[in-house]
Amino acid sequence: MKKIRFDIIKNRKIYYIVSLVIILAGVIGFVVNGGFNLDIDFTGGTTMSIEMGEGLDRAKLDRVETVAEQVLGEKPSVVQKAGDSESLLVIKTKELDTEQRDTLFQAIKEEFSLAVEAPESTENVSATVGEDIRNRAVLSVSVAAVLMLIYISIRFEFMSGVAAVVALLHDVLVMLAAYAIFQIPMSSTFIAAMLTIIGYSINATIIVFDRTRENRKKDFKRPFEEVAEESIWQTMTRSINTTVTTLLTITMVYIFGVTSVRNFALPLIIGIIAGLYSSIFLSSSIWTSLRGLRRKKKAN
């Protein structure tokens, strides 16, 4: 049976356009939806935990959201079960004073005929803490990108380092597009998801780059474009198999996990797919394009 083969490097402009369209869709989603659905981890607000005394399904959570919206005048940012608990309700919303908290609790108590006299816990998260989390997120990604650029430049060449970092930036932007389009609550777990995808994606990219370096040593006179194309296809099966295996696990987590876990798993699924796409269709293509630009610059 003949293997399916098509030109990746020669058709790289097509893949650049596909990525730009996805990122542009994210920008449109960001504008249309009025920004990201920021959790109180970023904006500051109030977290209230209430023991409901019975299992919480999606219908009951929707009822809680409706009651909260009627009391507060706007939907809370998060209404979900707490971790593995089936009956502990967690509500995250704008910062509430004591009267507003009491009013919200009493409304939920009456709606569900609860026997409890007070919430399990109530705490406020200041906007200052949210700003600190945002700064740490930017710093984490920046430091990771710089260190990866240095490492890959030493191991391969500077152009390959730049190509890898651009591919990583693509993966982060695709994840942000998913958050903007699907309005996934963006909490502190976003940082963990983003760094996980960066680590996963750079590993797949280095596999391709390493094979490219080995093939260039065997025949240094061959055009770089041909060597890169061959290297991508030689590592294609490995890249796809690794990604599918990982996706199967995370997809099960998404299907059977609680809401908080699903909000973490969905961006991971999207990020892993984006990482596969960038390691196959973008990283080597960008490396080839950068080498071509450098040759033109030297020729002029």
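The model is predicted, with local features needing pLDDT of at least 70 and side-chain atom pairs counting only at pLDDT 80 or more, while totals for chains, interfaces and linings use all residues. Residues are numbered from 1 along each chain as its sequence is written, and side-chain values use heavy atoms, leaving out hydrogens and water.

**Exercise 1.** Find which residues line the largest cavity.

*Solution.* Begin with the term: a cavity is a set of points on a 1 Å grid over the protein atoms alone where a 1.4 Å probe fits but cannot get out, and lining residues have an atom within 4 Å of a point. The largest cavity has a volume of about 40 Å³, a volume being the space filled by probe spheres set on the points, which are joined across faces, edges and corners. Next, read off the lining, which is made up of Tyr200, Asn203, Ala204, Arg238, Ser239, Thr242 and Thr243.

**Exercise 2.** Describe the salt bridge between glutamate 157 and arginine 294.

*Solution.* A salt bridge places a side-chain nitrogen of Lys or Arg within 4 Å of a carboxyl oxygen of Asp or Glu, and here the N to O distance is 3.9 Å. For exposure, buried means under 20% relative accessible area, exposed over 50%, and partly exposed in between, with a 1.4 Å probe and protein chains only. Glutamate 157, at 17%, is therefore buried, whereas arginine 294, at 32%, counts as partly exposed.

Technical notes
1 Å grid on protein atoms, 1.4 Å probe; cavity = no way out; pocket = protein on both sides within 12 Å on 5 of 7 lines; lining within 4 Å.
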